[in-house]
Amino acid sequence: MPGEVEDVENRGVKDRARQSYSSSSYVIEDSEAQWTSWLVPMVVVANVGVCLVVMFVNNCPKHNSRIEGKCEARFLGRFSFQPLKENPLFGPSSSTLEKMGALDWAKVVHKHQGWRLFTCIWLHAGAIHLVANMLSLVFIGIRIEQQFGFVRVGIIYLLSGFGGSILSSLFIRKNISVGASGALFGLLGAMLSELITNWTIYTNKVAALLTLLVIIAINLGIGILPHVDNFAHIGGFLTGFLIGFVLMPRPQFGWLEQPNIPARVNVKSKYKAYQYMLWLLSLVLLIVGFTVALVMLFRGENGNDHCHWCHYLSCVPTSRWHCEEN
């Protein structure tokens, strides 16, 4: 049931959050972090390390055909970047990314390389892409890890990235895809569901909800630009949103202090009824969603055949660009 993961993480506990009661809501006073954040920094280090390995393999001075121009930052030697006309994000060639595990529908379905659904979330198109994603991960992920521990944030990050890869593969067939954005959107989705399922313990919750919704809307809105895989964003967000209801409910007031409260105060259940309902519904939707999506993917079905307008979720054509090039 919800919160069972907490026992696994108790070894890293520094200080339990002190809970105080007010007439309108429960207030969680996080004066000090419950857990020390180490997983998120390690993920950042791992992503940077993978990027360096990719650039080492890319070796622009040796493999560049010079059709698009000379390598950028040639003083870096084999770590120099592809010409900006080829990759404006200061990174490797698409062929190198494909070789290193980028998401490619044809290889996943026809060559049974399902491992690409995971490896693609550790690859980035270039230095700009990497820096943007890692800064977002630090700002979002550390807060969640401090409050809920490394096990939960790790599960959300990996499964959200996996969910984003699946949805991307169902709708995008012609191009490769890389990046941790699906996993990052999963963390945003988990923050939203955590706020909803623990609604009664927060103060200023409406302001927090509106702020979070604006941040999510802006980031999803950026995804309608060309060359951005918004399906990975949406898939990661939905996955993280559902997982948040499963892994992030907080016990109702009085449960943790039950041994110290008067006998006449009876707290029968660790969680409220609506938290159990959201937990069960989200778990069912996760299992059904992953099962149906994976079956459709490996049967070679095209998501666009089942949703004729969904392509607008990833790219909206304008006079400045054509979505066929996305």
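**Salt bridges, aromatic pairs and a surface patch**

Author: A search of the whole structure, which is a predicted model, finds four salt bridges.

Reader: Is lysine 107 buried or exposed?

Author: The relative accessible area of lysine 107 is 17%. Buried means under 20%, whereas glutamate 98, at 24%, is partly exposed. Lysine 107 is therefore buried.

Reader: Which parts of the chain does the salt bridge of glutamate 194 and arginine 250 link, and how many residues apart are they?

Author: The side chains of glutamate 194 and arginine 250 meet in a salt bridge at 3.4 Å, N to O. Glutamate 194 lies in helix α9, and arginine 250 in the loop between α11 (230-247) and α12 (273-298). The pair links distant parts of the chain, and the separation is 56 residues.

Reader: Are glutamate 194 and arginine 250 buried or exposed?

Author: Glutamate 194 has a relative accessible area of 3%. For arginine 250 the value is 10%. Since the limit for this class is under 20%, glutamate 194 is buried, and arginine 250 is likewise buried.

Reader: How far apart are the end C-alpha atoms of helix α9?

Author: Helix α9 covers residues 181-197, a run of 17 residues. At 1.5 Å a residue, helix α9 should span 24 Å. The model agrees with this expectation, the end C-alpha atoms being apart by 24 Å.

Reader: How many of the residues of α9 are buried?

Author: Helix α9 is mostly covered. Glutamate 194, which lies in α9, is buried at 3% relative accessible area. Of the 17 residues of α9, the number buried is 16.

Reader: What is the distance between the closest N and O atoms of arginine 299 and glutamate 301?

Author: Arginine 299 is exposed, with a relative accessible area of 62%, while glutamate 301 is partly exposed at 21%. A salt bridge requires a nitrogen-to-oxygen distance within 4 Å. Arginine 299 and glutamate 301 form such a bridge, the closest N and O atoms being apart by 3.6 Å.

Reader: How many aromatic pairs are there, and what is the class of the pair of phenylalanine 56 and phenylalanine 79?

Author: The count comes to ten aromatic pairs. In one of them, the rings of phenylalanine 56 and phenylalanine 79 lie 5.8 Å centre to centre with 50° between the planes. Planes under 30 degrees apart count as stacked and over 60 as edge-to-face, so the remaining class applies: this pair is tilted.

Reader: What is the class of the pair formed by tyrosine 271 and tyrosine 276?

Author: The ring centres of tyrosine 271 and tyrosine 276 are 5.8 Å apart, with their planes at 90°. Tyrosine 271 is buried at 3% relative accessibility, whereas tyrosine 276 is partly exposed at 27%. Because of the angle of the planes, the pair is edge-to-face.

Reader: Which residue lies over the face of phenylalanine 56?

Author: Phenylalanine 56 is partly exposed, with a relative accessible area of 39%. At 3.7 Å from the centre of its ring, over the face, lies arginine 78.

Reader: What accessible area do the residues of the nonpolar surface patch have together?

Author: The patch is formed by Val48, Leu52, Phe56, Phe75, Leu76 and Phe79. Among them, valine 48 lies in helix α2 (residues 39-58) and is partly exposed at 35%. Together the patch residues have an accessible area of about 570 Å².

Definitions and conventions: Residues numbered from 1 in each chain as written. Predicted model: local features only at pLDDT ≥ 70, side-chain atom pairs only at ≥ 80, totals over all residues. Heavy atoms only, no water. Helix = DSSP H or I, 4+ residues; strand = E, 2+ residues; numbered from the N terminus. Expected span 1.5 Å × (residues − 1). Buried < 20%, exposed > 50% of the residue type's maximum accessible area, 1.4 Å probe, protein only. Patch = residues over 30% accessible without salt bridge, like charges linked within 9 Å, V, L, I, M, F, W, Y side chains within 5 Å. Areas by Shrake-Rupley, 256 points an atom, 1.4 Å probe, with all protein chains shown as cover. Phe/Tyr/Trp six-rings, centres within 6.5 Å; stacked < 30°, edge-to-face > 60°. Lys NZ or Arg CZ within 6 Å of the ring centre and 35° of its normal.
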